[in-house]
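Hi,

Here is the structure I promised to pass on.

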Amino acid sequence: MKYIKYIAFALLGLTYSCDVDEFLNPDPESLVTNSTFFNTDGDVEQGILGVYDAIQGIPEETTGSVITSNKGVQFEYLLTEHRSDNTRSATIEGSKADFHRYIVEPTNNESTDYYQSMYEVIFRANNILQYVDVANEENQALYTAELRFLRAYAYFNLVRLYGDVPLALTVVSPENSEIIYTRVASSEVYNAIVDDLVYATQNMGAATTKNRASLPAAQGLLAKVYLSLDTPNYSGAQQMCEAVINSGVYTLEADYNDIFYNEIANDEVIFSIGYIAGVDNDSQGFSAEFDSEAGRQDGLNIPNDNLVNAFTGDAGTVRSDFSYRVSLNDLELYEVGKYFPDGVTDGDFSNIIPRNAGNDWIVLRYADILLLHVEAIMAGANTTTDSNALSSFNAIRERAVGAPDDFALITQDDLVLERRLELAFENQRFFDLQRFGLAAEVLANHAEEEGYTFSTTDLLLPIPQSEINLSNGLLTQNPGY
C-alpha cells in the first residue's frame, strides 16, 4: 500500500487517440515538452516513475469510461484467472463475464484497455530511453536496465495473451507508423524480451523497494520467460532461480496471510505494483470486485467449485484459510481471501471506500521462484528426485501444512497442483497451463463441466477491433474471431 506518487501524465499521455499521429506521439497538455523537461538525472527518474504509473492504472471509481482510461493491471484477473479453471463472475451479465464463458469479442472493453495499457507502458519506456544520456553517468546503465525490464514485462504479458503482436523497441514516428500495426512472430517478440531482461540482469541493482524493478525481479522474470519459450531454456531458468535463492535476501513468510497484508515488513515479495488507499489516481479497484458485496458487480473473481475442492483435497493446509472464504453476502459463493480491500475481512467498509483500495498487486514472490526452480530442474520430465528440487518444493509444502511434509519424489502433477494452490488468484494459473502444455485439455474439460463452449482458438484473446480500425486493416486478427 506504500507507494510513490507518479507523475508525467501530461508528458507521456494516458489515452489513445483515433488520430494516428497523436496516438503514436501524443502532444503534451502543458507547455512543457519532452526535450525541455528531460535535462537532469532527476527528470529521467521522474519519467521512469511515469512508466510504473501506466502499469498501476487508475480504478474504475475515478471514471465512467473504460475506453478513455488506462486501467493498467487492474483488469488482468479477467484475462487470466477467469480464462482458467480458477475463477468466474458471479453473474453472466456484462462484458466482464465474457471471459469465463470464452465468448470474448474483439470489441471487449476490458481486453482493449489491457492491450492499450501494456502498450502505454512500452511507449513510455521507449520515450524515456531516448533521454537516459542526460542522467548522471553512473545511473545511465541502471536506468536503461529498469526501463528495459518494464518494457519486457509488458511484452511478456502481451505475447502470452495475444500471440503475435507489434514490436516497437524505439519511439515510433508518424512516417513509420506501420511498425505499431504490424504483428511480429511470437518468437521474435520473445527474443526481444530475453534481450531486455538479460541486459537488466547485467545492470540492475539490489532491491531498494518492492515497488520498483531490481536485480532479483529481473532474474525471476527472466526465469519465467525462459520456461515459457517454445524450446524452454531450462538451464538458464535454473541459474536465474538459484541466483535469487542464493542471494539470501528473500524467504517464505511464516504467516501466509502476511504476504498480502503486511506489505512493508515482507521478505517474500520480490516485485509488486503499489497502490495508496483513498487516493483516486494511486488506488485500485480490483480488490473490491473480488468481494461479492463491495464491488460494482456481485463478485467478479469467484472461486470455482473445482478449485475449492482442490484445496479441500489438500486438507490441513494453512494457506486455504487465507486464500478463500465463504461469501458473507451469499453463502452459496466463495470469495478470494488474498486481497480484501485494505485488509478489511469483516465486511464493514464504513471507514473506507473499498473501490479505492491500497492493496499492492504482487507480480513476483519467492514462493513462485521456488516452484519455478523445481520446474527448471525437472526440465520437462514427469518426475524428479533431485535434491535441490525437493528442497525447494518441500519448503513450500512445509509452510502449507504447518509441519515438515517431505516429498521424496515430485511428479509434474504434484508441481502443477502445488502452483495452482500456492498461487491461486495471483493470475498465474492460465500461464502455467500454457507453459506445461495442459491448457487446451484442462480448459476444454472445465468448459464442458460448466456448460460453456471452448475452442483452442480461445487460448489467445482477440486483437482489439479499435486497433485494427486505427491501422486501416494492417493489423490482422487472431483465428476464430
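Y131 sits in the loop that links α6 (109-129) and α7 (137-162); helices here are DSSP runs of H or I with at least four residues, strands are runs of E with at least two, and both are numbered from the N terminus. With a relative accessible area of 17%, Y131 is buried (buried means under 20%, exposed over 50%, partly exposed in between, using a 1.4 Å probe and protein chains only). Y131 is 88 residues from D43 in sequence, with 9.3 Å between their C-alpha atoms.

A quick word on where this comes from: it's a predicted model, where local features need pLDDT of at least 70, side-chain atom pairs count only at pLDDT 80 or more, and totals for chains, interfaces and linings use all residues. Residues are numbered from 1 along each chain as its sequence is written, and side-chain values use heavy atoms, with hydrogens and water left out.

Next, helix α17 (residues 412-422): eight of its eleven residues are buried, so the rest of the structure largely encloses it.

As for the whole protein, it has 20 helices and ten strands, and 58% of its 481 residues count as buried. The C-alpha trace spans about 60 × 50 × 45 Å along the principal axes. Taking contacts (heavy atoms within 4.5 Å) between residues at least 6 apart in sequence, 69% join residues at least 24 apart.

Cheers
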